[in-house]
Amino acid sequence: MTADADNTPPPDFVAVAQASDLAPGQMTFVAVERERIVLANVDGAFYALRDVCGHRNAPLSKGRLDGCVIECPLHFAQFDIRTGKLIDGPISADVPAYEVRVEAGTVYLRR
Ligand code: FES
């Protein structure tokens, strides 16, 4: 039997990482079409937000990830990594979230 899954990316999605490269509790940034995106692994589920805090444009990927809460490194605004919703901080704007899929060990973001 020839088994292997085809590695065709889902339509409108772009491969950004191997799931095995990002352990639970870790985050990193990736660039997609010149845009910075923070990618996080929360207990094996992957989430992605624009890597720019709406307050003074700090890179959220340089902040802290605590469970589902990502904290801006500059003035400590906090967002829900799953949705980009603002939890607390000196701004009122959410951060755009990206749809993420993991297939055959590869992490994909919707463009
Ligand atoms: S730049 Fe993120 S809270 Fe100020």
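This is a predicted model: local features need pLDDT of at least 70, side-chain atom pairs count only at pLDDT 80 or more; totals for chains, interfaces and linings use all residues.
Q: How many helices and strands are in the chain?
A: Helices (H or I, at least four residues) and strands (E, at least two) are DSSP runs, numbered from the N terminus. Here there are 0 helices and 11 strands.

Q: What does the radius of gyration say about the chain?
A: The radius is taken over C-alpha atoms, and the globule rule is 2.2 Å times the number of residues to the power 0.38. For 111 residues, a compact globule would have a value near 13 Å; the chain has 15 Å, which agrees. The C-alpha trace spans about 60 × 25 × 20 Å along its principal axes.

Q: Which strands form the open sheet that contains β5?
A: Two strands pair if DSSP finds at least two bridges between them. This sheet has 4 strands in the order β5-β6-β7-β8, with antiparallel pairing. β5 (64-66) and β8 (86-88) are at the edges; each has a single partner strand, so one side of each has no neighbour in the sheet. From one strand to the next, the twist averages 30 degrees. For that angle, axes are lines fitted to C-alpha atoms (for helices over the stretch in contact), and angles run from 0 to 180 degrees between N-to-C directions.

Q: How many bridges join β5 to β6?
A: There are 3, and the two strands run antiparallel. L65 has I70 in β6 as its bridge partner.

Q: What is the strand order in the open sheet with β2?
A: The order is β2-β3-β4-β9, 4 strands with antiparallel pairing. β2 and β9 (97-98) are the edge strands, and each pairs on one side only. Inside this sheet, β3 (residues 35-42) and β4 (residues 45-50) pair over 6 bridges. A40 has Y47 in β4 as its bridge partner.

Q: Where is V30, and why does V30 count as partly exposed?
A: A residue is buried if 20 or more other C-beta atoms lie within 10 Å of its own, exposed if 12 or fewer, and partly exposed in between; C-beta atoms are placed from the backbone. V30 sits in strand β2 (residues 27-32). V30 counts as partly exposed because it has 19 C-beta neighbours inside 10 Å. Across the chain, 27% of the 111 residues count as buried.

Q: Which residues is V30 in contact with?
A: Contact means that two C-beta atoms, placed from the backbone, lie within 7 Å. Leaving aside neighbours within four places in sequence, V30 is in contact with V16, A17, I37 and L39.

Definitions and conventions
Residues are numbered from 1 along each chain as its sequence is written.
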